[in-house]
Structure formats: C-alpha cells, structure tokens
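I set out to record what I looked up in this structure, entry by entry.

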Amino acid sequence: MFKLSSRTIVLSAVLAAFAFGSVASAASAKRLYMTCAACHGKDGKTPLMPAYPKIAGQNKAYVLQQLKDIMTGARANGQSVAMKGVMMTAEGEPRFSEEDLEKLADYVSKMAP
C-alpha cells in the first residue's frame, strides 16, 4: 500500500476541478459526478483513500447540505479543504450552480450503496 501526501491529494483535486469544473448548469448529473469520482470512486463506494467517505446512496438532503457547507466554509474538517478547492475558483466563486448541486446530490442518493 502506498501513502499519499496531503499535497498530492490537493493537487489531484485541483486537477479534477480544472478538468471538469467548468461544467455548465445544464450538464447531466453523471457528468457532474465525474469530478467527485476522482476521490470517491466511479461507483461512490471505492474511495481513493480510506479517509474519504463512501457516498453512494447517501441521503440527498445530507449530501446537498455537506456540499453547501464545504463551499461556504461551515464545514472545514478532514478532507474538506481539498473539496473546497474543487468546488470554488481561486477567486472564491462557486464552480457549480445551485441547480448543479441539486442534481449532484440527487445522483449520489440514487447510486447503489
């Protein structure tokens, strides 16, 4: 087993954001989830590292609230710093609209746990 540094994790998250972060509001939920898959796994239950949660099948309202809390800084624990880098631009602007977050939370909630 190999050990990833927090620097590597943040870099991976930022690269994922650049690769998929400019997704338009009308994008499909599956495409939106591609950003998440880099760390949480394609199926939402095989995370890159044990510290990352398995999110497949999680409650929609819970996922939505966590996403919002990470974006605003209300949640700043664990790997939230890396996620905030994916969800916000360097200027502090959100990469995802409210509609995107709703679609994403719905998609995750419908994934097989």
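Which residues does V108 touch, not counting residues up to four places away in sequence? I found Y33, I55, A56, G57, Q58 and V63, where contact means heavy atoms within 4.5 Å.

Before going further, I note that this is a predicted model, in which local features need pLDDT of at least 70 and side-chain atom pairs count only at pLDDT 80 or more, while totals for chains, interfaces and linings use all residues. Residues are numbered from 1 along each chain as its sequence is written, and side-chain values use heavy atoms, with hydrogens and water left out.

**Entry: V108.** I located V108 in helix α5; helices are DSSP runs of H or I with at least four residues, numbered from the N terminus. V108 counts as buried, at 2% relative accessibility. The cut-offs are under 20% relative accessible area for buried, over 50% for exposed and partly exposed in between, with a 1.4 Å probe and protein chains only. I also looked up D43, which is 65 residues from V108 in sequence, with 9.3 Å between the two C-alpha atoms.

**Entry: α2 and α5.** I computed an angle of about 85° between helix α2 (residues 29-40) and helix α5 (residues 98-109), whose axes are 9 Å apart. The axes are lines fitted to C-alpha atoms over the stretch in contact, and angles run from 0 to 180 degrees between N-to-C directions. α2 is therefore roughly perpendicular to α5, a label for angles of 65 to 115 degrees. A29, K30, L32, Y33 and C36 make the contact from α2, and D100, K103, L104, Y107 and V108 make it from α5.

**Entry: aromatic pair.** I counted 1 aromatic pair, taking rings of Phe, Tyr and Trp (its six-membered ring) with centres within 6.5 Å. The ring centres of Y33 and Y107 lie 5.6 Å apart and their planes meet at 40°, so the pair is tilted; planes under 30 degrees apart would be stacked, and over 60 edge-to-face. Y33 belongs to helix α2 and Y107 to helix α5, 74 residues apart. Y33 is buried at 3% relative accessibility, whereas Y107 is partly exposed at 25%.

**Entry: core.** The largest nonpolar core has 18 residues, of which Y33, L67, M87, L101, L104 and V108 touch the most other members. Such a core joins buried Ala, Val, Leu, Ile, Met, Phe, Trp, Tyr and Cys residues through side-chain atoms within 4.5 Å. α3 gives the most to this core, with 5 residues.

Conventions. Helix = DSSP H or I, 4+ residues; strand = E, 2+ residues; numbered from the N terminus. Parallel < 35°, antiparallel > 145°, perpendicular 65-115°, else oblique.
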